[in-house]
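Biologist: Hey, can you walk me through this one? I'd like to go piece by piece.

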Amino acid sequence: MAGEIKRASSSRKEGGSDPVPAVCRRPTTDLKDVQDILKSVVSSSEGFVSRHTSINEEEEKMSSSNNQFSPPPPLLLRQITSPVSSQPPPILSDTDPPAPAPHEKSPPSPDDIDGSRGVEAGQRKGAKRSPLYGEIIVLGTNGTLPCAPLSPKMSHSFVLKKQPKSTGVSLIVRNPGDAESLSRVHTHTVAMTMSKTKTSVMEFGPDPSVDMFQIGRSADSAIDFVVVDTIEEEAGEGRRRVFNSSSSVSRYSCRILCEREPPYTAKLYAAAFDTNRKIQLSAAAPTWSDSETGATDGLTTNGVTLLRPQGVFESGVEPGEWREVTVMGNLRERRPLRSSREPGPPILMETNVLTDGCLIDLCGVTLMWRSAMGLDHGPSNTLIRDRQTALNNMTPQCPVNFMTLHFKSGRLVTTPATETGLEGETLREPWVYMNCGHVFGQHSWKGLKDEDNHQRTCPLCSKVGTYTKLELGNERAFFVDDGPLTHTFSPCGHVTTEKTAKYWSKVSLPYLASQWISCCPFCSSHLCPTKPLVKLFFN
Amino acid sequence: MAGLPKRILKETQRLLTDPVQGINATPDEQNARYFHVVVAGPKDSPFEGGTFKLELFLPEEYPMAPPKVRFMTKIYHPNIDKLGRICLDILKDKWSPALQIRTVLLSIQALLSAPNPDDPLANDVADAWKTNEHLAIQTGEESFLYMYFIFTSLLYFTRFCLLFNNFS
């Protein structure tokens, strides 16, 4: 079985070193289309393309199986990710055709079946589309929200792309001197309570060079992407996730400003403007002013923290340190207690620029930022689907029921029609003993000493461990590499690559006021501290 | 009886198409859960050259419960009693559904090569075995001779039983 995986990966490598450009293998009609598009892009932005040629050559070597044609300039790639990666958020999708929900079980469209065609189709349309800045993915979602969204602006992910007209604002006046600025309707203002008698006001004006995206729990029009944390709740015999009615996520949590021109730098700021275009920090929020410049700044009550991965977000990446972002976009060390009134010391060597793979914690919800470039270089949906198919093609067998096990995935793998009618479909679901990693079908056998259903004896090696159903990790944004799916997170049972499992087991997420915890990115359940990942052994 | 589970069908199929050396298991024509088994005495054991008939029955709960196995041929062995019942952990508390008919029969064959006198079913045989073995260890260098004596006497006794069985 391991051999199968090795073969799959080696064939990919062969593909990668193939001297014939992959584009030549496309049917001639498609080739023409691609060439036409490439020509039009080259003529429109020649300088831009030539700057990226060397990158493209490397990229072609690295990821020819990701994109079956030679990779177009990054500009184009950004445009084409959206139809494959996720549904565009409703607020931005007025002009776009509605993307199918990724978890739909309906027969996949031709674009769905052949990822490359989807990419091509996207490319044809993409010539007119605005460039993508990046994507925000809610940690703990696996291609879909764990419960029905409360607002149309809620989703598992949010695509940030260039707006028809700039939506950004930047600071124009510090302490305008008149209290009227607070009441002016069309002015964005930030008000901070410095002391009982003093309030600092800053006035912001439109900035044509940036686009602003606001994130928070509030569903009002000022917020572009609504996020609410979920909690587990008893539901009949099982448990289900529901939105937390007493969420600690701020209604106006944070804002991201993206430059409208390449390289589309994105920056993170704490707090978001409300419908009245105001940010009013509560009296409980830490504020301060610089003694030399008089510049004022502050933190939100529960804080917005940022974790930047060390190095490029790919195989071998290590998580960095958590930093706290201020309202004005400066970085500080984290407060020892989440809502402490004493701000941490400033960090001058780092900036609030979002790099690929950054995590943004909003005290309850953690978001992941993937830049458009990062998503293009990372594993594609097609590749992850291929890995999942490879797993099923190994035809692992249950040592107890002698059934061929089959991983189901709502959005990526469809069960062939001939197999769906088989008896005991549930017997074909893969389950694992977490202590040893032996994979079985679902069975009811318990060792003599097994008292509860939770801790059970593995029939193959007699080690006692939890017995959990395996599920595939589908959200490609969380994958650090495109290796074979050999590991699972413990105890939730989400299957992913070894490097992905290792990376996430090292990421400590803020938990409650001052604790740290590692979570499965696909379902946000807490990982076992002693054994967060388990290698799977198939029969 | 409800239709045979897929597992039993598959096991039977594999036993017939890919038999284990020295073990022959054929399902009964009337009852697919009942197997007629013939195990050859393992090489370099007192039972070498003998063939032993067993019956194997798969209960309704199989594979969640172990198969029931019994020697039909009389055998002189500390872990097998006069009625042919076998004392083997995997047939009792150490059963696991990952075991199969094949592995059970292989374990029984191995039990013939390596008896376990500490967990006896036939006490007289086990006692004799133990006493002699004890003697053998005491006499040190001569132990090989004693072992040889024990094994050959066992062998001849078994053959005698076989003969007796065939005549009766």
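Modeller: Let's start with a strand pair in this predicted model. Strand S10 (residues 254-259) of chain A is joined to S11(A) by 5 bridges, and the two run antiparallel.

Biologist: Which residue in S11(A) is the bridge partner of Cys254(A)?

Modeller: That's Ala270(A).

Biologist: And what happens between the strands of that hairpin?

Modeller: There are 6 residues between S10(A) and S11(A), and in this hairpin Tyr264(A) takes a positive phi near 55 degrees.

Biologist: How many residues of strand S11 in chain A are buried?

Modeller: 4 of the 5 residues in S11 (residues 266-270) of chain A are buried, so the strand is largely enclosed by the rest of the structure.

Biologist: Okay, how about confidence? Where in chain A is it lowest, and where highest?

Modeller: The highest is S11(A), at a mean pLDDT of 96, while the lowest is helix H6 (residues 110-113) of chain A, at 36. For chain A the mean is 76, with 71% of residues reaching 70 or more.

Biologist: Which stretches stay under 50?

Modeller: Residues 37-127 of chain A stay under 50, and the model has 137 contacts for them beyond four places in sequence. Residues 411-423 of chain A are below 50 too, and that stretch has 28 contacts beyond near neighbours in sequence.

Biologist: New topic: cysteines. How many disulfides are there over all chains?

Modeller: The count is 0.

Biologist: Is Cys458(A) buried or exposed?

Modeller: Cys458(A) is buried, with a relative accessible area of 1%.

Biologist: What about Cys523(A)?

Modeller: The closest cysteine sulfur to that of Cys523(A) is in Cys520(A), 3.7 Å away, so again it's too far for a bond. Cys523(A) is buried as well, at 15% relative accessible area.

Biologist: Let's hop to chain B. Which residue does the UniProt "active site" annotation cover?

Modeller: The annotation, from an unreviewed UniProt entry, covers Cys87(B).

Biologist: Where is Cys87(B) found?

Modeller: Cys87(B) is in the loop between strand S4 (68-71) and helix H2 (101-113) of chain B. Cys87(B) counts as buried because its relative accessible area is 16%, and the cut-off is under 20%.

Biologist: What does Cys87(B) touch?

Modeller: Leaving out residues up to four places away in sequence, Cys87(B) touches Asn79(B), Lys92(B), Leu111(B), Asp119(B) and Leu121(B).

Methods
Residues numbered from 1 in each chain as written. Chains lettered and ligands numbered in written order. Predicted model: local features only at pLDDT ≥ 70, side-chain atom pairs only at ≥ 80, totals over all residues. Heavy atoms only, no water. Disulfide = S-S within 2.5 Å. Buried < 20%, exposed > 50% of the residue type's maximum accessible area, 1.4 Å probe, protein only. UniProt positions renumbered as here; feature names shortened; annotations may be inferred. Contact = heavy atoms within 4.5 Å. Pairing = 2+ DSSP bridges. pLDDT = per-residue confidence, 0-100.
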